[in-house]
Amino acid sequence: MIDLRSDTVTRPDDAMRAAMASAAVGDDVWGDDPTVTELETETAALLGKAAAMYVPSGTQSNLCALMAHCARGDEYIVGENAHTFRYEAGGAAVLGSIQPQPVRTLADGTLDLDHVESVIKPDNPHFARSRVLCLENTHDGKVLPLDHQREAAALAAERGLGLHLDGARLWNAAIALDVEPSAVAEPFDTVSVCLSKGLGAPVGSVLVGSVALIDGARRWRKMLGGGMRQAGIVAAGGLHAIRNNRARLADDHANAAHLAAGLAAIDRVTVTGHDTNMVFATIDADPTHIERTTTDKGVMLAVGGSNKRGATVRFVTHRDVATADIDTVLDVLGGAVAAA
């Protein structure tokens with residue numbers, strides 16, 4: 001199967017599996033796992049922060065960060081379409097008692113900072129206390145400009161807010177901007193990065209920040225059930241990923257550009273977005289037909305929509321998809337549309 005549903009479907013290659021099989025391990029809850037420590041140290045250095053914590057998932061990483069920044073009854077300000085707000089099961093509210101304050105996300109993925117400023121609450125017992133501003137880079141594949149991040153950081157500092165980045169695909173942003181990952185992470189107090197998307201590790205994210213914030217987050221990780229024992233086996237996959245798989249993300253971006261150009265040439269297909277390793281399109285055809293037909297031909301797509309509105313599709317390129325696979329996808333999809 002050629003699977004373009006997400007870059008989370010990547011599988012470890014032989015070299016990564018070998019690194020995992022030979023990993024030195026200990027009990028990470030006791031702080032004794034040398035491979036976890038090595039991963040945390042290297043990731044913190046890559047992102048220019050003092051400390052790091054390895055966690056099972058990006059959702060837990062973001063939640064630990066918010067809980068380290070906020071107390072019960074506090075508020076985090078976040079884009080209305082951000083993963084932290086829409087796709088993490090309301091964890092900040094349910095488990096952290098932290099109120100979300102969504103704000104407008106602009107077409108380029110940036111936040112409307114005027115709107116952000118307007119919703120910051122005064123210090124008054126009637127209101128939840130505004131504590132932290134959250135950004136996401138990349139957002140639906142869109143890269144936030146470094147200037148926008150700095151402007152958000154300046155606003156946060158002026159109004160006494162912490163600043164968190166959901167940087168699940170920060171690695172893609174750094175490649176697209178042609179900067180070091182630390183340049184993307186620099187303005188933020190805490191940053192969450194994912195190892196199991198474009199980098200291809202089988203599991204895990206890392207939260208970085210100051211020693212004090214990461215110490216606080218580590219306590220929340222334990223409470224949330226994220227303390228792992230001989231985690232060096234999976235951490236070794238993450239180490240291999242950050243050491244060997246960051247530069248090749250440019251290949252995914254090139255394949256996405258090739259895919260977007262090919263989709264635009266197919267009748268009844270409209271490309272609605274293309275950035276980094278993501279392409280979005282609408283197809284004037286029955287979504288059920290598109291999904292069933294492409295799957296039968298060996299192509300897995302994330303298809304939504306309804307019969308009346310046609311199909312909406314997100315295509316995500318990744319390390320298990322070659323350029324030749326993109327050509328196959330275009331042939332299969334073109335045939336499915338023509339037969340609809």
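**Salt bridges in the predicted model**

Arg243 forms a salt bridge with Glu42, with 2.4 Å between the closest N and O atoms. Arg243 belongs to helix α11 and Glu42 to helix α2, so this pair ties together parts that lie 201 residues apart in sequence. Arg243 is partly exposed, its relative accessible area being 44%. Glu42 likewise counts as partly exposed, at 27% relative accessibility. Through salt bridges that share partners, Glu38, Glu42 and Arg243 are joined into one network. These contacts were computed from a predicted model, in which 15 salt bridges are present.

A further salt bridge links the side chains of Asp27 and Arg229, with an N to O distance of 3.2 Å. Asp27 is located in the loop between α1 (14-21) and α2 (34-47), whereas Arg229 is located in the loop between α10 (211-223) and α11 (232-244); the pair therefore ties together parts 202 residues apart in sequence. Asp27 has a relative accessibility of 17% and is classed as buried, because buried denotes a value under 20%. Arg229, by contrast, is partly exposed, with 39% relative accessibility.

The side chains of Arg248 and Asp252 also meet in a salt bridge, at 2.5 Å from N to O. Both residues of this pair, Arg248 and Asp252, are buried.

Conventions. Residues are numbered from 1 along each chain as its sequence is written. This is a predicted model: local features need pLDDT of at least 70, side-chain atom pairs count only at pLDDT 80 or more; totals for chains, interfaces and linings use all residues. Side-chain values use heavy atoms; hydrogens and water are left out. A salt bridge is a side-chain nitrogen of Lys or Arg within 4 Å of a carboxyl oxygen of Asp or Glu. Helices (H or I, at least four residues) and strands (E, at least two) are DSSP runs, numbered from the N terminus. Buried means under 20% relative accessible area, exposed over 50%, partly exposed in between (1.4 Å probe, protein chains only).
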